[in-house]
Amino acid sequence: MAINWYPGHMHKAQKEIKEIMSDIDLIIEVLDARIPYSSENPMIASIRRDKPCIKLLNKSDLADEAITALWIEHFKSTKNTDAIAVNAKKTDAMQKLIKLCQELVPNKGSEGKPIRALIAGIPNVGKSTTINALAQRTIAKTGNEPAVTKSQQKINIGHNITLFDTPGMLWPKIENENSGYRLAVTGAIKETAFELDDIATYAGDYLLEAYPDVIQSRYEIEELAPNGYEFLEQVGKRRGCLRSGGRVEINKAAKILLTELREMVLGPISMETPEMCIAEQVEVDRI
Ligand code: G4P
């Protein structure tokens with residue numbers, strides 16, 4: 001599915017969420033733990049005001065534990081915000097989330113006053129998996145197609161908590177090109193304006209900086225190249241992606257690197273740190 005974020009859809013989603021915001025006690029924003037900044041929806045921050053928000057760092061099984069800990073600390077330092085790392089495919093992880101909802105809205109959740117929690121997330125972060133895990137049943141998926149009107153879903157998940165699934169489709173940080181690349185690297189957005197080779201080169205540049213030991217040992221490269229593109233050439237050579245004359249088929253090498261990165265063959269990898277993203281945001285705000 002090609003995903004495009006058009007101003008019309010964005011406006012509609014914003015309007016729909018604004019309309020239900022006054023009924024909401026708490027927001028659960030599902031993020032991809034590998035890219036907690038890039039997988040945020042920028043509108044949530046502006047319309048939630050001081051409402052409590054849980055940043056749910058999902059897919060934490062794919063992310064670097066030490067970096068996830070930094071993100072949790074970062075989010076917890078923001079007003080009325082808490083954060084936990086989960087793997088939504090494991091239902092037991094949801095107990096932590098339920099407990100956190102109860103702590104953040106202490107005056108509700110008992111004696112017939114249910115906690116009303118809005119669950120939000122850009123496509124592919126695992127929002128549906130989270131909802132199903134919380135509800136302990138399969139709930140029909142909503143909202144991941146921009147042109148289709150979906151009605152608001154209210155889901156009773158027990159524990160005196162009602163989940164409100166966000167109606168429209170939420171968009172990621174599209175104003176930051178680096179975020180676009182990282183969303184593409186993790187597979188969060190499948191069809192993008194970027195070429196596969198460019199996405200893999202971006203990943204290569206980052207891995208050289210952040211995880212040199214991991215890639216050195218995985219691809220058995222004695223001396224790592226100085227940049228992502230040349231690193232891809234090294235991967236291609238190691239894996240026999242060669243044309244006649246010995247030239248490397250970069251596209252094949254790009255596919256190998258991205259597949260191995262996404263499928264955890266390289267182990268848990270995070271694609272961004274709070275420090276990196278704070279610096280990028282300063283730059284985005286300046287432009
Ligand atoms: P969405 O509603 O936010 O669009 O996402 P959805 O729940 O459909 O999840 C997107 C993909 O991410 C699914 O994989 C899902 O299984 C996977 N996923 C969700 N949570 C986790 C997690 O905590 N860890 C890992 N490793 N994967 C997670 P898929 O391949 O698209 O579908 P499926 O074949 O697994 O059903």
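How far is an oxygen atom of the ligand from an N or O atom in the side chain of T129? In this predicted model, where local features need pLDDT of at least 70, side-chain atom pairs count only at pLDDT 80 or more, and totals for chains, interfaces and linings use all residues, the distance is 2.5 Å. Residues are numbered from 1 along each chain as its sequence is written, and side-chain values use heavy atoms, leaving out hydrogens and water.

The ligand is surrounded by 17 residues, the closest being N124, K127, S128, T129 and K141; a residue counts as near if one of its heavy atoms lies within 4 Å. Helix α5 (residues 127-135) supplies the largest share of this shell, three residues. Oxygen atoms of the ligand also lie 3.1 Å from a polar side-chain atom of K59 and 3.2 Å from a backbone N or O atom of V125. Taken alone, the ligand exposes 710 Å², of which the protein buries 65% (Shrake-Rupley method, 1.4 Å probe).

Turning to the fold, six strands (DSSP E runs of at least two residues) form an open sheet with mixed pairing, in the order β3-β2-β1-β4-β6-β5; pairing requires at least two DSSP bridges. Because β3 (81-85) and β5 (153-156) each have a single partner strand, one side of each is left without a neighbour in the sheet. Strand β5 pairs with β6 (residues 161-165) in the antiparallel sense over four bridges, and I155 stands opposite L163 in β6.

As for cysteines, zero disulfides are found in the whole structure, the cut-off being a pair of cysteine sulfur atoms within 2.5 Å. The sulfur of C53 is 11 Å from the closest cysteine sulfur, in C101, and so too far for a bond.

Notes: A polar contact is a pair of N or O atoms within 3.5 Å; within protein, one must be able to donate a hydrogen and the other to accept it, and residues adjacent in sequence count only if both atoms are side-chain atoms.
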